[in-house]
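Take a moment to turn the model around on your screen before reading on. We will walk through it one part at a time.

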Amino acid sequence: MHPSFLTMFFILFFLILFAGVGYCCWHIWVLLPLAPLLKWLVLGVGIACFLMLFLALAPWLDEWPMWLAAKVYDVGTTALIVLMYLVLFFLVADLCRLLHIVPKAWLTHNGWTSLALLAGMALLLTLGNMHYRDKVRQPLALRTDKPLRKDMRLVMVSDLHLGYHNRRDELRRWVELINKEHADAILIAGDIVDRSIRPLIADDMALELRQLNAPVYACLGNHEYYAGEPRAQQFYKDAGIHLLRDTALLLQDNILLVGRDDRTNRRRKPLKAILPQPDSTHYTILLDHQPYHLEEAEQAGIDFQFSGHTHHGQVWPISWITESVYEKAFGSHQRGNTLYYISSGLGIWGAKVRIGTRSEYIVAEIKRKNE
């Protein structure tokens, strides 16, 4: 992506963001049945929470005490979700008022509407957090005509986003879920790290990942580059994770695992340059974090590709956006003889809220078709 395009994108993004803040502040001012001083207090707290988003993304967050950095991250990213749903609520309310579906009095100095909005937002975030914590086990049957020395069970995950919000106690629960599957191998499709290596080192999360009871293979994601790719690589090594960066290896005699570098690295190798000499007896699995250009795997004769990155939007209606951007934003897909699974992720970026999407881990069984 061209730098000037990125600059324009971020300028437009922040303009929309601050326009949304202004729009919501005006509506809240009109809605609250309070004295002006109390209205300013409510708006001041809300704006302060929103501004924490920028502190959460700033590099100096790593200089702050862990408890404070974690709190700023949680509040700032949660404020972004709240802002989005407030904008949606007020847009619908304005439309209904213009169509004379609701009276103007419902949106002007109205305590009942204010309380209903507050309760609705609290309920939405609470249920969204509960839904995020409920990890979905997704079985996946992979059948092949190719010779297999033995059936193979794989646990596949993506987008752990370990950091200031997903801490070691949460990772421990994930490790226990994965270990219950007694897999032959564990595959991770990138974004193990969120925005910084610092909380992973402070919590010694590498030690927790070493408790996984099967060999772990992973490719890099875009967040490993944001966090600092050399330090991310060192963390992979400390955690006992086999990093596949534009490389391939045999999991067993005839199952070939290929891991691509993330497309953030514009110098990554073409897929066909990574593959060894064609061998029709190999069942080939590709790990590629971002599910762009799915036709490449099909053209290269890949049997199965596992990707993540999209999070399926994390919350509705952003899921609609990801579905329009990607050929496949979530779930199983097929092109020709190549099967794909695009995961919505085990972890999450930002606020730990899932609305209309899910957090999942995939349990895949590779077997012969006649079994």
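Two residues are said to be in contact when they have heavy atoms within 4.5 Å of each other. Keep that in mind as you explore this predicted model. With that cut-off, Thr-78, Ile-81, Val-82, Tyr-85, Leu-86, Phe-89 and Phe-90 in α3 meet Leu-117, Met-121, Leu-124 and Leu-125 in α4. Sorted by class, the residues where α3 and α4 touch are 10 nonpolar, one polar and no charged.

How do such helices lie against each other? Two packed helices are described by the angle between their axes and the distance between the axes. For α3 and helix α4 (residues 111-133), the axes come within 11 Å and cross at roughly 130°. That angle makes α3 oblique to α4. The crossing of these two helices, α3 and α4, is right-handed.

Now look at another partner of α3. Helix α2 (residues 36-57) and helix α3 (residues 66-98) have axes that come within 7 Å and cross at roughly 125°. On the α2 side, the contact includes Cys-49, Phe-50 and Met-52, while α3 contributes residues including Val-72, Tyr-73 and Val-75. Which classes of residue make up this contact of α2 with α3? They divide into 12 nonpolar, two polar and no charged.

Next, find helix α1 (residues 3-31), where Val-30 sits. Thr-247, by comparison, lies 217 residues from Val-30 in sequence and 59 Å from Val-30 in space, C-alpha to C-alpha.

In soluble globular proteins, nonpolar side chains tend to be buried together. The largest nonpolar core in this model has 34 residues, and Leu-162 and Phe-235 touch the most other members. Several elements each supply at least two residues of this core, among them β2 (152-157), α5 (168-179), α9 (229-238) and β12 (360-368). The largest share, four residues, comes from α5. To see the surroundings of Phe-235, leave out its neighbours within four places in sequence: Phe-235 is then in contact with Ile-192, Ile-197, Leu-200, Met-205, Ala-206 and Leu-209.

Key: Residues are numbered from 1 along each chain as its sequence is written. This is a predicted model: local features need pLDDT of at least 70, side-chain atom pairs count only at pLDDT 80 or more; totals for chains, interfaces and linings use all residues. Side-chain values use heavy atoms; hydrogens and water are left out. Axes are lines fitted to C-alpha atoms, for helices over the stretch in contact, and angles run from 0 to 180 degrees between N-to-C directions. Ala, Val, Leu, Ile, Met, Phe, Trp, Tyr, Cys and Pro count as nonpolar, Asp, Glu, Lys and Arg as charged, and the others, Gly among them, as polar. A nonpolar core is a set of buried Ala, Val, Leu, Ile, Met, Phe, Trp, Tyr and Cys residues joined through side-chain atoms within 4.5 Å. Buried means under 20% relative accessible area, exposed over 50%, partly exposed in between (1.4 Å probe, protein chains only). Angles under 35 degrees count as roughly parallel, over 145 as roughly antiparallel, 65 to 115 as roughly perpendicular and the rest as oblique. A crossing is left-handed if the near helix is turned anticlockwise from the far one by less than a right angle, and right-handed if clockwise.
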